Amino acid sequence: MSFYLDKGKPFFIFRTDHTWTFAEGMAAEGITKENIMEKRYYLINDKPVKYLEKKYSYLSNEKKPNTGKLVAKESSPGTLPLEIANLKSS
């Protein structure tokens, strides 16, 4: 997770969540399926004004996809990451 601050307040948060499972039918070969979710929070005065999410998966025996060509989808930000509360208390 990366925080970008302006005058001590976050204005942009970038978070990557990564999970994996053994690929269906390929566990014996040790091949995994990597699941990635990138989250981008844009804030003004500590309030989210925009949220973008990009999800993709790939097999460990394949080349990682060019994520720059994947489109992020805008949606409701819900709650901000818990780490923001810790950042504010620092």
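Strand S2 (residues 9-22) and strand S3 (residues 32-44) run antiparallel and are joined by 11 bridges. Strands here are DSSP runs of E, at least two residues long, numbered from the N terminus. Two strands count as paired if DSSP finds at least two bridges between them. The model is predicted, so local features need pLDDT of at least 70, side-chain atom pairs count only at pLDDT 80 or more, and totals for chains, interfaces and linings use all residues. Residues are numbered from 1 along each chain as its sequence is written, and side-chain values use heavy atoms, without hydrogens and water.

Threonine 21 has lysine 33 in S3 as its bridge partner. S3 also pairs with strand S4 (residues 47-59), in the antiparallel sense, over 12 bridges. Here arginine 40 stands opposite leucine 52 in S4. S3 and S4 form a hairpin with 2 residues between them. In the turn, asparagine 45 has a positive phi of about 50°. S4 is joined to S5 by 2 bridges, again antiparallel. Glutamate 53 stands opposite lysine 73 in S5.

The open sheet has 5 strands in the order S1-S2-S3-S4-S5, with antiparallel pairing. Strand S1 (2-6) and strand S5 (73-74) are at the edges with a single partner strand each, so one side of each has no neighbour in the sheet.

Lysine 54 belongs to strand S4. A polar atom of the lysine 54 side chain lies 2.8 Å from the backbone oxygen of threonine 67.

Methods
Helix = DSSP H or I, 4+ residues; strand = E, 2+ residues; numbered from the N terminus. Polar contact = N/O pair within 3.5 Å; in protein donor to acceptor, adjacent residues only side chain to side chain.
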